[in-house]
Number of protein chains: 2
Amino acid sequence: MHRKRTTALLALALSAAIAAPLSAQPNAPAAAPAKARTMQQVIDASQASDWRALDPDNTLYLELARGRVVIELAPQFAPEHVANIRALAHNGYWNGLSINRSHDNYVVQWGDADSENPAKRKPFGKGVKNKLPAEFSRKSAGLAMTVLPDPDGWAPQAGFVAGFAAARDSDKGDSWLAHCYGTVGAGRDLAADSSNGAELYVVIGQSPRHLDLNITTVGRVIQGMELLSALPRGTGPLGFYETAAERTPIRAIRLAADVPQAERAKIEVLRTDTPLFADLIESRRNRQDDFYKRPAGHINICNVPLPVRAAAAAKS
Amino acid sequence: MHRKRTTALLALALSAAIAAPLSAQPNAPAAAPAKARTMQQVIDASQASDWRALDPDNTLYLELARGRVVIELAPQFAPEHVANIRALAHNGYWNGLSINRSHDNYVVQWGDADSENPAKRKPFGKGVKNKLPAEFSRKSAGLAMTVLPDPDGWAPQAGFVAGFAAARDSDKGDSWLAHCYGTVGAGRDLAADSSNGAELYVVIGQSPRHLDLNITTVGRVIQGMELLSALPRGTGPLGFYETAAERTPIRAIRLAADVPQAERAKIEVLRTDTPLFADLIESRRNRQDDFYKRPAGHINICNVPLPVRAAAAAKS
């Protein structure tokens, strides 16, 4: 929102001294305060071990005429849905189907436009379960969270688990993925257990956190978000397209593991369970470069960037 | 994100009994608890006095080939910028200029693509000041806020002032507009007082509240948001378009007061200073229709819808 000649400003944000330390482990002792750095300086200081490759078994490529959307699946949170999604991709279920909904400030959704029509709907194919349990949350045991220092409001605690914005309730012992921009979930009907992963949506607006614990989330968009978020909005109820011609055809959705090595995305994502990531959060929590006259001193999980880089940039 | 045949669900949301009352006046006594209603039921129960017409002196029409974007200006918060914007519109300053930036999950920005080039930039015209004071906040005196019952995180208090999402710090006595989806602000350079309203942006993603108190906000989009939010993203730094051909031409930006009555938008917006609006907030804070298995019990100012209706629907 600043003028063009200050284009460097947005990427750079001098961080204040860390006032509220972040821990990569639940209840871990506070890390030693790092010196104030911009996000770019934090990333520049990263080591190879601060980055991770995507697991091909947890990576989905949504192929559109205009390019590829890379989605990371979260089997830690929705094992049954992710297993179904892998099978659906393996079967080529989505190939030739379409993006059917673009609801401004809410979601873009894809799947079978004829899913309500038993005579026309596409069969799921081999190894896909019609019915799954709801996977709205899971037990927190075994999940390490990089906890945000600021209150979340929607949940007792929020932070990052294995690269995903997440929330938890330590009293109940439950954890779940948070609905942020780019979060991918499984559409359902009225019944909690009516999703099976064949119909998916991605958040394209203000975080609809009221959906948390009400629907099964399966992952998030890692790259290519703009191919979904900038689709023309549907003019039917809830942003569904009113005519077939308005829908965006899906060339294919493939699991990276089913794709030849040479065709896979060569990218890495920043780990969220490191002291470096905690520094990155702080660099966004208190921006003190010349553009910002007043650092916020606060951040929300949905405002924390999750950097991606070309694997070629990897340091040895 | 639910399937198509449950399309009615999103608009309807049974509210729980009001647990935390909302007051339309600062520190006013709590209103009597209303019975649980959906947002639609709240709106259906509204009276003519719950709605307001837009003031033509505070309404801007951004005319694009694909339609009209209606923006409400907030002179209460940025009187000097709004005065300049009125003069710029009156002078036809933006007519023939363009939308130059579309930054995914952040902002769409418009103005003079040649603003950095003294030889080519368009003159502002009569009555427009080159230099204005920063208007990041104002004194709270005289502003009635419908306060949210939930903590905001970014500010000591948040709520709605005269139809705008806003925040305030009662200790300092300051109020300011919040950066939500649809908020319109004035682009600036490094200096706090380097904006004059000629370059404007609108938020198209997760609320960038870190911009609050760092930039002058001038209003919000009331209608036509999808004409801006679904623009193809720019591929240059910060989402600027790399070629002139990618920019969206602006046919005109006009102040409604300068537009003949017959051409003005016939719309009304829901007042935010009424008990009915407090009920609407609660209907979104705790959704209990069949789709939602667990009401959130929390809401953020940027998640509260600000309903608009055709003026023809007005009840006498």
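What joins strand 2 of chain B to strand 3 of chain B, and through how many residues?

Guide: Happy to take you there. This is a predicted model, in which local features need pLDDT of at least 70 and side-chain atom pairs count only at pLDDT 80 or more, while totals for chains, interfaces and linings use all residues. Residues are numbered from 1 along each chain as its sequence is written, chains are lettered from A and ligands numbered from 1 in written order, and side-chain values use heavy atoms, without hydrogens or water.

A hairpin makes the join, through 2 residues. Strands here are DSSP runs of E with at least two residues, and helices are runs of H or I with at least four, both numbered from the N terminus. Strand 2 of chain B pairs with strand 3 (residues 67-73) of chain B in the antiparallel sense over 6 bridges; pairing requires at least two DSSP bridges between the strands. In this pairing, B:Leu62 stands opposite B:Val69. Strand 2 of chain B also runs antiparallel to strand 15 (residues 252-255) of chain B, joined by 4 bridges, and there B:Glu63 faces B:Ala252.

Now for the side chains. In a regular strand they alternate between the two faces of the sheet. B:Thr59, B:Tyr61 and B:Glu63 point one way from strand 2 of chain B, and B:Leu60, B:Leu62 and B:Leu64 the other way. With 6 of its 6 residues buried, strand 2 (residues 59-64) of chain B is largely enclosed by the rest of the structure. Buried means under 20% relative accessible area, exposed over 50% and partly exposed in between, with a 1.4 Å probe and protein chains only.

Helix 2 (residues 79-90) of chain B belongs in this picture too. Strand 2, strand 3 and strand 15 of chain B are among the elements that cover its buried residues, which include B:His81, B:Ile85 and B:Leu88. After helix 2 of chain B comes B:Gly92, with a positive phi near 70°.

The other copy has its own strand 2 (residues 59-64), where A:Leu62 is found. A:Leu62 is buried, at a relative accessible area of 0%. Beyond its neighbours within four places in sequence, A:Leu62 has contacts (heavy atoms within 4.5 Å) that include A:Val69, A:Trp110 and A:Ala252. Chain B superposes on chain A by a rotation of 180° with 0.0 Å of shift along its axis (RMSD 0.0 Å), fitted by least squares on C-alpha atoms of residues with pLDDT of at least 70 in both. The two copies are thus related as by a two-fold rotation axis.
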